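Have the viewer open and follow along.

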Amino acid sequence: MKISGSRTALISLLLVTGAVSCGTQTPTPQSNTTKATKQAFSASGYSIDGGTSNAWQGGYSGYLRVSNVAASTPITSFEFTFKFNGTTTMAGSAWNGTVTGPDASGIYTAKSPDWLQYSPISVGGKWDLGFNGNGTFSGITVLAAKINGQPLSSDTIKPTASLSANKTSVTTAPNSVLLTATAADNVGVAKVEFYDGSTKVGEDATAPYNYTFDVQDSGQNGTHAFMARAVDLAGNTGDSAKVNVVVNVPITPGSGTPLPAADSEYTKRFLEMYNKIKNPANGYFSPEGVPYHSVETLIVEAPDHGHETTSEAYSYWLWLEAMYGATTGNWTPYQNAWANMEKYIIPTDTLQPISSYDPSKPATYAAEWDFPDQYPSELKFNSVSVGQDPLANELKSTYGKNQIYGMHWLLDVDNWYGYGQCGDGVTKPAYINTFQRGPQESVWETVPHPSCDVMKFGGKNGFLDLFTKDASYSKQWRYTNAPDADARAVQAAYWAHQFAKARNQSSAVSTQVSKAAMMGDYLRYAMYDKYFKTIGCKSETCAAATGKDSAFYLLSWYYAWGGAMDGSWSWRIGSSHAHSGYQNPMAAYVLSSVNEFKPKSPTAVADWKTSEKRQLEFYRWLQSSEGAIAGGATNSWKGRYAVPDAGLPTFYGLTYDWQPVYHDPPSNQWFGFQAWTMERVAEHYYLTNDANAKALMDKWVKWALGKTSLTADGSYQIPSTLQWTGQPDTWNPSNPGSNTNLHVTVLDYTNDVGVAAAYAKTLTYYAAATLKHTGTADAASKNMAKALLDRMYSKYSDTKGMSVPEVRSDYARFDDKYNPNSPNRDGIYVPAGWTGKMANGDVIDANSTFISIRSKYKQDPDWAKVESHLNGGPAPTFNYHRFWAQADIALALAEYARFFKN
């Protein structure tokens with residue numbers, strides 16, 4: 001039976017905090033109590049016992065008491081197993097916690113209520129979990145316990161385990177191997193875990209203990225050394241002898257591993273796209289081998305020039321080369337892509353001069369503001385506390401240095417702006433940045449500036465005093481990481497590892513795999529509040545965190561780091577804003593569960609395991625009634641820890657924000673974020689068969705397919721702009737709401753090839769996952785993926801890849817002047833009296849416009865089309881070849897070939 005807790009538990013919490021409540025009751029300990037006959041943990045500063053508070057004919061009221069006798073660490077959670085010493089059993093209901101059982105051995109399990117974490121049991125305090133019992137209470141025996149998640153027990157006898165398999169070799173796929181374990185222990189077996197080498201692959205809590213190893217394709221070839229680990233009620237473990245299962249499945253078409261062009265029409269198309277992208281005549285790469293954001297130079301979106309590049313482009317390049325290696329067995333291009341990334345977009349140690357960093361004072365606070373004209377933002381050195389950086393020491397201890405191994409998000413590949421590296425004016429590629437002034441600063445309102453500001457360009461303080469207000473300024477460097485790109489690089493490395501392993505070429509990518517694990521180690525900065533404040537912060541004066549209580553375990557919009565040019569000081573920050581489109585549970589799974597990718601720092605694997613679960617919960621919290629995923633959440637309302645608007649729901653202390661990070665345009669109106677992020681969930685579902693990932697995908701795919709149409713002209717229409725109304729329910733992990741008040745509407749549709757490819761890849765993985773886990777591929781998603789790929793290929797192929805005409809009415813903003821009276825205060829804001837110059841001599845002042853500080857655009861061969869529009873003509877039309885889009889098209893073709901050749 002299960003005896004559930006109730007609201008009566010609140011009274012114990014309130015008594016501890018000194019608050020007052022009414023309308024609840026609590027068990028009142030009496031003087032005639034009967035102690036447990038075994039106190040298992042009093043020597044550790046804790047004790048667990050039981051007693052009675054009342055008795056009657058045939059029954060009694062009892063309690064189970066957890067006490068903090070002398071432990072300096074407060075009790076935030078507990079769990080223990082116990083037996084009654086006599087013939088008594090529980091009856092009725094329990095309060096102040098939950099009790100489950102008894103099992104066949106008469107063992108019960110007691111757990112603390114969730115809200116204990118908000119008012120922990122300090123030294124001298126106690127918690128009584130009350131119950132009603134049948135018979136006469138004669139004490140309890142505590143078998144094992146966990147306090148704050150840590151096992152405590154006087155039992156040190158390890159359990160025993162043995163393992164057998166119904167077959168030890170597999171030569172055909174699909175096929176399965178049934179592993180069966182037996183286990184025994186003096187006080188009881190809690191569960192048996194199954195391992196393939198050092199990687200946990202499953203567990204079973206009920207005898208007979210079984211795990212089914214499914215052989216899906218040749219990617220699993222090799223010897224699998226399985227082992228069973230018994231875990232007893234005290235947390236002791238005992239391992240079985242290993243059982244080897246040899247998999248030797250022939251590499252055949254459709255087996256899950258890409259094959260040479262002759263084996264599939266879609267593999268041929270992949271190689272055709274690959275060759276177009278890699279053809280020097282098509283202009284996707286710079287002379288240094290750096291991928292451009294787009295072939296075309298006149299393009300304004302997140303990057304403000306086509307021959308800039310982003311960490312996003314690099315991550316797609318890595319994935320493209322991983323698939324090429326899988327198809328051809330040639331891993332040199334993948335190795336070269338990683339080396340190029342390290343050389344050009346991961347700042348070298350020399351470009352991160354750090355001789356001093358204090359994790360107890362990681363940064364100086366500056367508020368974010370609603371509009372660019374509210375900047376510069378004052379640096380508050382003493383009036384706003386900043387929490388401690390809990391990662392720095394273990395990262396330095398692990399890797400022996402203070403420098404960060406992560407990509408900066410934006411490069412001026414051809415040095416188009418002319419800043420060069422650290423003011424030299426000539427080095428290319430050069431690190432630059434743009435967005436620095438709050439959520440309303442669109443690309444049309446930015447002032448591009450060098451990441452290494454030695455005050456050679458801009459004004460008297462370089463560009464620094466456009467963004468922050470201080471008494472004086474130092475020459476400095478600073479970089480910003482886009483976490484979704486680094487996570488995608490890890491994701492691509494995982495597939496490179498899997499594909500190389502299938503070809504018995506693991507050593508070809510082993511160096512990159514270890515570096516991907518290191519990148520994941522540093523990527524954890526994206527899990528932390530911007531200024532390491534505690535989660536749930538609602539004022540600048542809220543508590544500064546001292547450890548991991550500043551982590552929300554989601555991938556935020558960025559992390560950033562910088563310092564003085566002489567290395568005398570440096571800083572690091574996270575971001576308080578988490579967007580659904582940036583989450584990557586697939587990468588979190590890889591970094592926490594795949595042995596070769598586990599980062600070396602002591603707490604990294606646990607952090608990523610927590611993040612994997614938290615990200616899936618985040619999607620569930622944000623899934624609309626229809627199925628689309630809403631925007632996100634923040635720990636710093638308005639970017640300055642303001643009090644959130646009334647009535648907004650929360651997620652583990654974070655406040656719902658339908659348009660997190662940026663508002664011009666609203667950040668979650670683009671369907672591309674849906675396709676990108678749900679592809680990662682689909683991969684996660686494919687690899688893990690996780691029920692939460694499956695539920696998310698089932699609902700999302702149904703919605704997306706319902707909004708997709710195949711048109712009579714041989715094209716297609718997929719969602720483009722989304723509109724959101726309502727809000728999700730406040731998150732309750734034990735009982736998630738149904739979000740009946742959160743809705744999405746599709747405002748318009750598109751035939752964009754990049755988004756369509758990402759969407760097709762998502763559908764392909766979903767269909768493959770359903771095939772793998774149910775035996776039958778979801779026909780609707782499989783068929784739509786094929787239709788989208790076929791129609792793109794037949795209708796939109798060109799000599800450089802694939803493209804569709806795009807009407808750019810937003811290019812009217814090229815000559816917008818700052819207008820403080822417009823609703824969004826459009827135009828470039830430069831404070832009155834501030835003057836400076838771009839590297840080419842363009843003047844920066846209060847009269848500046850986008851084009852006036854980018855006058856080189858007037859030399860672009862496509863400028864005449866924009867100029868005509870600015871003079872009253874129609875909006876210009878362009879065919880763009882964005883690197884990420886062309887790579888995603890190629891990848892979607894290869895993935896379809898991999899799973900559904902025929």
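## A helix and its length

The expected span of a helix is 1.5 Å times one less than its number of residues. Helices here are DSSP runs of H or I with at least four residues, strands are runs of E with at least two, and both are numbered from the N terminus. This is a predicted model, in which local features need pLDDT of at least 70 and side-chain atom pairs count only at pLDDT 80 or more, while totals for chains, interfaces and linings use all residues. Residues are numbered from 1 along each chain as its sequence is written, and side-chain values use heavy atoms, with hydrogens and water left out.

Now try the rule on H15: its 17 residues should span 24 Å at 1.5 Å a residue, and its end C-alpha atoms are 24 Å apart, which agrees. Buried means under 20% relative accessible area, exposed over 50%, and partly exposed in between, using a 1.4 Å probe and protein chains only. In H15, 17 of the 17 residues are buried, so the helix is largely enclosed by the rest of the structure.

## Ala894 in H15

Helix H15 covers residues 883-899, and Ala894 is found in it. This alanine counts as buried because its relative accessibility is 3%. Contact means heavy atoms within 4.5 Å. Leaving out residues up to four places away in sequence, Ala894 touches Phe270 and Met323.

## H4 against H7

Axes are lines fitted to C-alpha atoms, for helices over the stretch in contact, and angles run from 0 to 180 degrees between N-to-C directions. Helix H4 (residues 332-344) and helix H7 (residues 510-523) have axes that come within 11 Å and cross at roughly 35°. On the H4 side, the contact is made by Tyr334, Gln335, Trp338, Met341 and Glu342, and on the H7 side by Gln512, Lys515, Ala516 and Met519.

## The disulfides

How many disulfides does the rule give? With a disulfide taken as a pair of cysteine sulfur atoms within 2.5 Å, the count comes to two. One joins Cys422 and Cys452, with sulfur atoms 2.1 Å apart. The torsion about its S-S bond is about 105°, so this disulfide is right-handed. Cys422 is partly exposed, at 26% relative accessible area, whereas Cys452 is buried, at 4%.

Cys537 and Cys542 also form a disulfide, and their sulfur atoms are 1.8 Å apart. Here the S-S torsion is about -95°, so the disulfide is left-handed. Both Cys537 and Cys542 are buried.
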